[in-house]
Amino acid sequence: MTAAIWPALDYSRVPYRFYHDAEIYAREQERIFRGPVWSYLGLDCEIPEPGDFRATWVGETPVIFNRDKSGAVKAFVNRCAHRGALVRRELSGNADEHICIYHQWCYGLDGSLMAIPFRRGIRGKGGLDASFETSRHGLRPLKVGIIDGAVFGTLAEDAEPLEDYLGSPILAQLRRLFDRPVRVLGYNRQRIRGNWKLYAENTRDNYHASLLHEFLVTFGLDRSTQTGGVKMDARHRHNITWAEADSDTEEFAHAAYAGAGVRNDFLSLKEPSLVAFRPERDDKLNLVVTSVFPSAVFVQISNSLAVRQIRPRGVGEVEVFQTMLGYEDDPPEMTLHRLRQTNLVGPAGLVSMEDGEAIEIAHRASRPDPDRTTVIELGGGGMISDRDYRVTDVPLRGFWSYYAELMGIEPAGAVR
Amino acid sequence: MTQSAAPDRLALYDLYAAYGALIDAAEFDAWLDLFAATCSYHVLPRENYERGLPAGLVYCDSRAMLEDRIRS
């Protein structure tokens with residue numbers, strides 16, 4: 001695979017091969033997920049006490065993050081230095097050390113190798129040579145960065161600082177979402193039989209939201225007639241899709257969507273709180289989807305708040321792991337409101353369910369023709385830049401531009 | 001088990017049987033009629049249940065919400 005794979009220098013054409021080729025997938029694991037990116041690991045509030053740990057993933061690499069005795073968050077690859085086995089098999093817990101079940105090798109909360117059974121053998125026979133250096137056989141560490149309680153990690157020693165990687169618009173959105181301490185309301189998992197990049201594109205695709213999701217249009221949760229747009233970091237690898245509440249009228253929206261052949265007037269709700277938006281800040285944003293390259297999505301849909309972690313599971317499958325959030329100081333009534341709105345997201349979500357289906361049919365139908373391409377031209381081709389309108393998919397081209405750079409297949413003269 | 005509880009028990013068996021049969025037959029309107037106006041219907045992943053976390057896959061706290069879920 002070389003830079004010649006791209007039919008267009010503005011990434012407006014992406015060969016289907018990228019969704020189906022096992023060699024490309026293996027290279028992504030190496031160059032992207034184990035490369036100079038920062039991956040979302042979890043939340044500071046999930047491991048409040050020393051010894052608290054959670055298992056997570058960076059691409060297909062299993063990872064543990066925990067709080068050590070000094071209160072610092074540490075992360076390392078969840079794989080025993082001895083035989084390569086998963087050390088922690090639980091999703092979460094509290095412990096003083098991590099012990100591999102296979103041969104009981106024992107690691108500290110900083111990932112260092114602390115103890116090896118029968119290290120000196122039995123009665124002087126067997127065991128490891130005296131020259132074996134335990135200090136060289138710890139769990140492989142990740143560098144950790146935290147933005148107001150959101151924990152990120154990277155496997156690359158030469159990764160740029162997290163704040164620089166995110167860039168100021170993304171940083172500002174994370175600081176907005178985490179402006180008060182959060183608490184976890186629950187987790188859900190969505191297994192989608194499609195390539196992980198179809199999901200990464202989906203979260204950057206403004207254009208689909210109100211056409212695929214009739215529910216959003218009907219109840220004004222997300223309509224292209226709203227004031228809104230897309231905002232990216234300087235490298236265009238991340239994206240914020242945003243929209244403001246009550247910024248269009250019912251009449252204008254219904255007329256616009258009738259023209260697009262979308263029905264939006266036949267549904268009504270017996271319990272309208274499902275879609276009621278209660279402003280929580282002095283901005284009017286009721287939709288903010290912040291996609292952080294490669295695998296994190298921070299989502300506010302109305303008052304439902306969540307972080308989604310994209311976990312590739314082979315070239316043809318992805319798990320979307322979603323952490324649903326509220327704020328620690330939410331009164332019980334607000335928690336109830338957020339719980340009601342969790343019905344919008346997740347594998348049975350009134351919105352997210354449809355994304356899963358859209359990704360699966362795109363994956364399935366594109367497979368036989370690796371040299372045919374998608375078309376990414378809403379909002380025009382050419383330059384990749386922020387837009388203050390909603391009928392656009394320009395952030396997808398930003399995703400592919402940075403993807404090409406990391407994969408070592410960026411063509412000369414390509415847009416960035 | 002007291003004697004007086006037996007009719008209640010039979011009524012419960014009937015309710016569960018109707019509940020299952022109506023779901024199998026996808027007769028959701030009739031299924032909905034089995035619920036009181038104030039009710040709870042939660043589908044909770046084991047992961048959340050074990051950790052005492054309230055959010056799940058479906059969270060309805062009234063028959064009206066449940067009806068919206070079916071219609072949407």
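How do the residues of the lining of the second largest pocket divide into nonpolar, polar and charged? They divide into five nonpolar, four polar and four charged, where Ala, Val, Leu, Ile, Met, Phe, Trp, Tyr, Cys and Pro count as nonpolar, Asp, Glu, Lys and Arg as charged, and the others, Gly among them, as polar.

Before you select anything, note that this is a predicted model, in which local features need pLDDT of at least 70 and side-chain atom pairs count only at pLDDT 80 or more, while totals for chains, interfaces and linings use all residues. Residues are numbered from 1 along each chain as its sequence is written, chains are lettered from A and ligands numbered from 1 in the order in which they are written, and side-chain values use heavy atoms, with hydrogens and water left out.

**Stop 1: the pockets**

Stay with the second largest pocket and select A:Phe219, A:Gly220, A:Leu221, A:Asp246 and A:Asn286, which lie nearest its centre among the 13 residues that line it. Both pockets and cavities are found on a 1 Å grid over the protein atoms alone: a cavity is a set of points where a 1.4 Å probe fits but cannot get out, a pocket is an open set with protein on both sides within 12 Å along at least five of seven lines, and lining residues have an atom within 4 Å of a point. The volume of the second largest pocket is about 220 Å³, a volume being the space filled by probe spheres set on the points, with grid points joined across faces, edges and corners.

Next, go to the largest pocket, with a volume of about 490 Å³, and select A:Leu198, A:Asp205, A:His208, A:Ala362 and A:Leu396, the closest to its centre of the 22 residues that line it. Helix H5 (196-202), helix H6 (206-212), helix H10 (352-366) and strand S19 (373-375) of chain A each give two or more residues to this lining; helices (H or I, at least four residues) and strands (E, at least two) are DSSP runs, numbered from the N terminus.

**Stop 2: the largest cavity**

There are six cavities of 30 Å³ or more, and about 220 Å³ of space lies in the largest of them. To find the largest cavity, select A:His208, A:Ala209, A:Asp222, A:Val289 and A:Asp355, the closest to its centre of its 18 lining residues. H6, S15 and S16 of chain A each supply two or more residues to the lining, and H6(A) has the largest share, with three residues.

**Stop 3: a helix under cover**

Now select helix H9 (residues 332-341) of chain A, which is largely enclosed by the rest of the structure because seven of its ten residues are buried; buried means under 20% relative accessible area, exposed over 50%, and partly exposed in between (1.4 Å probe, protein chains only). Among the buried residues of H9(A) are A:Met334, A:His337 and A:Leu339. Their cover includes strand S12 (182-192), S16, strand S17 (304-312) and strand S18 (318-327) of chain A, together with strand S2 (58-60) and helix H4 (63-71) of chain B.

**Stop 4: where the chains meet**

Colour the two chains separately, and look for the 20 residues of chain B that are in contact (heavy atoms within 4.5 Å) with 27 residues of chain A. The area buried between chain B and chain A is about 2000 Å², of which carbon and sulfur atoms give 55%; buried area is the accessible area (1.4 Å probe) that two parts lose on being put together, summed over both. Select B:Glu47, B:Tyr59 and B:Arg69, which supply 26% of the area that chain B buries against chain A, more than any other three residues. Three salt bridges are counted between chain B and chain A, a salt bridge being a side-chain nitrogen of Lys or Arg within 4 Å of a carboxyl oxygen of Asp or Glu. A:Lys270 forms a salt bridge with B:Glu67, and their closest N and O atoms are 2.6 Å apart.

**Stop 5: backbone details**

Finally, select A:Phe293 and A:Pro294, which are joined by a cis peptide bond with omega about 0°; A:Pro294 is found in the loop between strand S15 (285-292) and strand S16 (296-301) of chain A. At A:Arg123, phi is near 50°, a positive value in a residue other than glycine, and A:Arg123 is exposed, with a relative accessible area of 83%.
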